[in-house]
Amino acid sequence: MMKDIATPIRTQEIMAKHGLTVKKSLGQNFLIDPNILRKIVGKANLSKQSAAIEIGPGIGALTEHLAREAGKVLAFEIDQRLLPVLADTLSPYDNISIIHSDILKADVEKAIKEELAGYEDIVVVANLPYYVTTPIIMKLLLEKLPIRGLVVMLQKEVAERITAQPGTKAYGSLSIAIQYYTEAEMALTVPKTVFMPQPNVDSAVIRMIKRPEPQVKVINEDFFFQVTRGSFVQRRKTILNNLQTAMPNGKEKKELILKALEEAEIDPSRRGETLSIKEFGLLADKLYPYFS
Ligand code: SAM
């Protein structure tokens, strides 16, 4: 068995050898615990018939575990300084492609076609840079890529919001946006001690499995998301009050909002956090004719 990259000593050796210092602005908190890595990769249910896409391979801690379990790994790294480091640390593996790019600007669909041809089971597995977790997840979901799902480490607080159910404090428009496309669940909570340097916040791993179809069928997706975001602008306010403020000319159209709520059988005095995604879908469809 090859020596793991993710031990405190090996990580320090690699960084010293390459004169590397971490860039906090890029969310560089490297994993230094092989047990956590095994657990994360275990949650992705990979086989040699699967391919993994990694965002931010860092010095290769997670990448090598993915390369051992999957048939192929495709990784996107923004920090040019890490490319020679990765070429060195990952030299024992011949099934890894690294693309030097900001994932938010990358043409991921094209990269999948070029690098992962023939793989039908593709999973995103990553220890995400915490300053951009939500934009990365939303990009990968909105681009409708041919992926089975995502297993990602992120801030525990964001993980709780993404996986939250109606009626809880953490439930909001982020929970809805992601659960609309995926079945999302908390997979692991992770102590700060497994990172170098340690982040300021607690971490967790979530698993999001893409639904064959979105959770609800709506007339217009953009409008649905506009309604869900608008319903949480002020969490303590009722759905009626929030919609009056958030929808275009909402104050003047109060009667129409009330009518749509009645048609959707939703009490106007409820708060957004109590509505299920199905109820939001129905409400958006009833409001749509009045606002389009
Ligand atoms: N995977 C490594 C590990 O677990 O030890 C490193 C994870 S570290 C939390 C995040 C990584 O994402 C860093 O390598 C950082 O340079 C990279 N990164 C930050 N922003 C990025 C972006 N927009 N696109 C691609 N990679 C990015």
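**Figure 1. N45 in the loop between α2 and β2.** In this predicted model, N45 sits in the loop that links α2 (34–43) to β2. N45 is not a glycine, yet its phi is positive, at about 45°. Most residues other than glycine have a negative phi, and most peptide bonds are trans.

**Figure 2. The cis peptide bond between M196 and P197.** The bond from M196 to P197 is cis, and its omega is near -10°. P197 belongs to the loop between β8 (195–196) and β9 (203–210).

Figure 3. Helix α5 covers residues 108–115, and its buried residues include V108, A111 and I112. These three cover an arc of only 100° around the axis, which puts them on the same side of α5. An α-helix has 3.6 residues a turn, so residues three or four places apart point the same way. On the face of α5 turned away from the buried side, K113 and E114 are exposed. The cover over the buried residues of α5 includes the strands β2 (50–55), β3 (72–77), β4 (96–100) and β5 (121–127), together with helix α6 (133–142).

**Figure 4. The crossing of helices α7 and α8.** Two packed helices are described by the angle between their axes and the distance between the axes. For α7 (residues 156–163) and α8 (residues 173–181), the axes cross at roughly 65° and come within 6 Å. From α7, the residues V158, R161, I162 and T163 meet L174, S175, I178 and Q179 of α8. By class, the residues of this contact between α7 and α8 are 4 nonpolar, 3 polar and 1 charged.

**Figure 5. The packing of helices α11 and α12.** Helix α11 (residues 254–263) packs against helix α12 (residues 277–291) at an angle of about 150°, and the two axes are 8 Å apart. Angles over 145 degrees count as roughly antiparallel, and α11 and α12 are therefore roughly antiparallel to each other. Their crossing is right-handed. On the α11 side, the contact is made by L256, I257, K259, A260, L261 and E263, and on the α12 side by L283, K286, L287, Y290 and F291. The residues of the contact between α11 and α12 comprise 8 nonpolar and 3 charged, with no polar ones.

**Figure 6. The buried and exposed sides of helix α11.** I257, A260 and L261 are the buried residues of α11. They cover an arc of only 100° around the axis, which puts them on the same side of α11. E255 and E262 are exposed on the other side of this helix. Helices α10 (239–246) and α12 are among the elements that cover the buried residues of α11.

**Figure 7. E265 in the loop between α11 and α12.** E265 lies in the loop between α11 and α12, just after the end of α11. Its phi is near 55°, a positive value in a residue other than glycine. Residues over 50% relative accessible area count as exposed, so E265, at 69% relative accessibility, is exposed.

**Figure 8. The whole chain, for orientation.** The protein chain contains 12 helices and 9 strands. Its C-alpha trace spans about 70 × 40 × 30 Å along the principal axes. Of the 292 residues, 52% are buried. Among contacts in the chain with a separation of 6 or more, 69% join residues 24 or more positions apart.

How values were computed:
Residues are numbered from 1 along each chain as its sequence is written. This is a predicted model: local features need pLDDT of at least 70, side-chain atom pairs count only at pLDDT 80 or more; totals for chains, interfaces and linings use all residues. Side-chain values use heavy atoms; hydrogens and water are left out. Axes are lines fitted to C-alpha atoms, for helices over the stretch in contact, and angles run from 0 to 180 degrees between N-to-C directions. Helices (H or I, at least four residues) and strands (E, at least two) are DSSP runs, numbered from the N terminus. Angles under 35 degrees count as roughly parallel, over 145 as roughly antiparallel, 65 to 115 as roughly perpendicular and the rest as oblique. A crossing is left-handed if the near helix is turned anticlockwise from the far one by less than a right angle, and right-handed if clockwise. Contact means heavy atoms within 4.5 Å. Ala, Val, Leu, Ile, Met, Phe, Trp, Tyr, Cys and Pro count as nonpolar, Asp, Glu, Lys and Arg as charged, and the others, Gly among them, as polar. Buried means under 20% relative accessible area, exposed over 50%, partly exposed in between (1.4 Å probe, protein chains only). The arc is that of the directions from the helix axis to the C-beta atoms.
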